[in-house]
Amino acid sequence: MKILVTGGLGFIGSHTVVELQNEGFDVVIIDNCSNASEDVLDGITAITGEKPEFEKFDLRDKTKVLDFFSRHKDIDGVIHFAASKAVGESVEKPLLYYENNLSTLVYLLQQLSQKGKSHFIFSSSCTVYGQADEMPITENAPVKPAESPYGNTKQIGEEIIRDSCKVTPELQAISLRYFNPMGAHPSAKIGELPLGVPQNLVPFITQTGIGLREQLSVFGDDYPTEDGTCIRDYIHVVDLAKAHVVALKRLLESKNEKNYEVFNVGTGTGSSVLEVIKSFERVSGVKLNYKIVDRRPGDVISAYADTSRANRTLGWKAESTLDDAMRSAWLWEKKIRA
Ligand code: UD1
C-alpha cells in the first residue's frame, strides 16, 4: 500500500515515515524543504533500509498537485503534515499562514474528493482548545477562539475537512490533535532541526545544555500551578508517529464509525516547565542555566490530554516517559553538534 506523506522530511513527518515503513507501507514524500533538509532522507533510509520516494515541490502550486495525483493513481492514503507552525511568525505574517496551511489542504482534498474512496490524516493541535476549562482535556471540550493565525489555521483546517466529509462519504478522515511533541528517534539518525533560535521549550533546553545558547528563559513562575510554571503534555515523537499509523489503519480497514473523527494525541500527564528542566538535568547530568522572566503573551496556563478516546478506539497509548523522550532529544542534540 502506498501512502503520501506531505512534509515527510519534517520533525513529526520523518518519524512517521519510519513507522509507516516499519509496518510495510510504501511511502512517497512531498516536501518543499522550506523547513527541512533533504539529508533527512538519508537518516530515514539508514533506519529502515529503504529509501522513500521523494518529490520536492510546494503544495501551494495547484498545477503541481494535479500533476502529482495524475502520475500517482495508486495512493491509498495521505498524511498531511506540510504546514507552517511558528505561532509568533503567524502573528506577523497571517496571510502567509492562511495561504500555506489552508490552500494546500484544499488542493489535496479536491484531489481526494474526486478519487472515490480515500483516506486522510490531518495534523491538528491542542491549540484548538485554547485555555480549556477542565483538565485533562477531552475531545468534547469546546474549541475556543484562536489566539493566533497559526491556531486559527488548525481550527479552520478541521472545519474544511469536516465540511468536505459531509458531502463526500468516500472521503474518510481523521484529525489528530497533538499535544507537545518532543524527542528524537532512539537511533539519533533523525530528530528535530529548528531553524535559527528555537521557539519551543525542549530544543531550547538541549541547545542551552550543549552550549549553543547561553541561558533558557522560563516564561513566568507566577501561574496558578504547583510550582508556578506552565503545564504541558510532552509526548515522545515516536509515540506520536505510531498514532498516525494506527489511525491510518483504522481508515484503511474501514473500522471508523464515522467518516470524520478527531483524537487527542498526548500522554495524559502534565509536566511543568521546571519539571521538564529537571528531567533534562537528570538524563544529561548537565546543570541547565536558566532564569525566570516575564510571562510569554498568549501562553495558556495548563494543557494536558484525556487520551481515553485514542486508547479505547485506536488501541494506542503513549509508551515513553518524559525522561525517555528527553534522553532521545539529548542524544540527538549531542550527535548533531558533534
Ligand atoms: C503551542 C501550542 C501547540 C502548538 C505549538 C506550536 C498550546 C497549549 N500549545 O505550544 O499546540 O503546536 O504552540 O509551536 O497552545 N517555554 C519557556 N521558555 C522557552 C520556550 C517555552 O519557558 O524558551 C515554556 C512556554 O511558556 C510553555 C512551555 O515552555 O509553557 C512549552 O512551550 P512551547 O514548547 O513553545 O509549546 P506550546 O506553547 O505549549
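Both Phe 68 and Phe 69 are buried, and they make a handy place to start looking around. Keep in mind that this is a predicted model.

**Aromatic rings**

- A pair of aromatic rings is described by the distance of the centres and the angle of the planes.
- The count of aromatic pairs here comes to four. Take Phe 68 and Phe 69: their ring centres are 5.4 Å apart and their planes meet at 85°, so the pair is edge-to-face, the cut-off for that label being over 60 degrees.
- Phe 57 joins in as well, since ring pairs tie Phe 57, Phe 68 and Phe 69 together into a cluster.
- Another ring to look at belongs to Tyr 223, where the charged end of Arg 295 sits over the ring, 3.9 Å from its centre.

**The ligand and its shell**

- The ligand has 22 residues around it, and the closest are Ser 125, Leu 201, Ser 217, Arg 232 and Asp 299.
- Sorted by kind, the shell splits into 12 nonpolar, six polar and four charged residues.
- Strand E8, residues 216-219, supplies the largest share of that shell, with four residues.
- For Tyr 150, the distance from a side-chain N or O atom to an oxygen atom of the ligand is 3.1 Å.
- Thr 127 has a polar side-chain atom 3.4 Å from an oxygen atom of the ligand. As for cover, the ligand on its own has 740 Å² of accessible area, and the protein covers 89% of it.

- Most residues other than glycine have a negative phi, and most peptide bonds are trans. A few spots in this model go the other way.
- The peptide bond running from Met 135 to Pro 136 is cis, with omega near -15°. To find Pro 136, look in the loop between strand E5 (118-125) and helix H6 (149-167).
- Ala 188 is not a glycine, yet its phi is positive, at about 60°. It belongs to the loop between strand E7 (180-182) and helix H7 (201-210). Its relative accessibility is 5%, so Ala 188 counts as buried, the cut-off being under 20%.
- Ser 254 is not a glycine either, and its phi is positive too, at about 55°. You'll find Ser 254 in the loop between helix H8 (237-252) and strand E11 (260-265). With a relative accessible area of 45%, Ser 254 is partly exposed.

**Pairs to find: sequence versus space**

- Ala 132 is in the loop between E5 and H6, and at 10% relative accessibility it counts as buried. Ala 132 and Val 143 are 11 residues apart in sequence, with 8.5 Å from C-alpha to C-alpha.
- Asp 31 lies in strand E2, residues 26-31. This residue is buried, with a relative accessible area of 7%. Between Asp 31 and Phe 81 there are 50 residues of separation in sequence and 9.4 Å in space, C-alpha to C-alpha.
- His 119 is part of strand E5, and its relative accessibility of 9% makes it buried. His 119 and Lys 249 are 130 residues apart in sequence, while their C-alpha atoms are 9.6 Å apart in space.
- Ser 14 sits in helix H1, residues 11-22. At 1% relative accessibility, Ser 14 counts as buried. Ser 14 and Asp 67 are 53 residues apart in sequence and 24 Å apart in space, again C-alpha to C-alpha.

Terms used. Residues are numbered from 1 along each chain as its sequence is written. This is a predicted model: local features need pLDDT of at least 70, side-chain atom pairs count only at pLDDT 80 or more; totals for chains, interfaces and linings use all residues. Side-chain values use heavy atoms; hydrogens and water are left out. A residue is near a molecule or strand if one of its heavy atoms lies within 4 Å of it. A polar contact is a pair of N or O atoms within 3.5 Å; within protein, one must be able to donate a hydrogen and the other to accept it, and residues adjacent in sequence count only if both atoms are side-chain atoms. Accessible areas come from the Shrake-Rupley method with a 1.4 Å probe; for residues, only the protein chains shown count as cover. Helices (H or I, at least four residues) and strands (E, at least two) are DSSP runs, numbered from the N terminus. Ala, Val, Leu, Ile, Met, Phe, Trp, Tyr, Cys and Pro count as nonpolar, Asp, Glu, Lys and Arg as charged, and the others, Gly among them, as polar. Rings of Phe, Tyr and Trp (its six-membered ring) pair if their centres lie within 6.5 Å; planes under 30 degrees apart count as stacked, over 60 as edge-to-face and the rest as tilted. Buried means under 20% relative accessible area, exposed over 50%, partly exposed in between (1.4 Å probe, protein chains only). A charge sits over a ring if NZ of Lys or CZ of Arg is within 6 Å of the ring centre and within 35 degrees of the ring normal.
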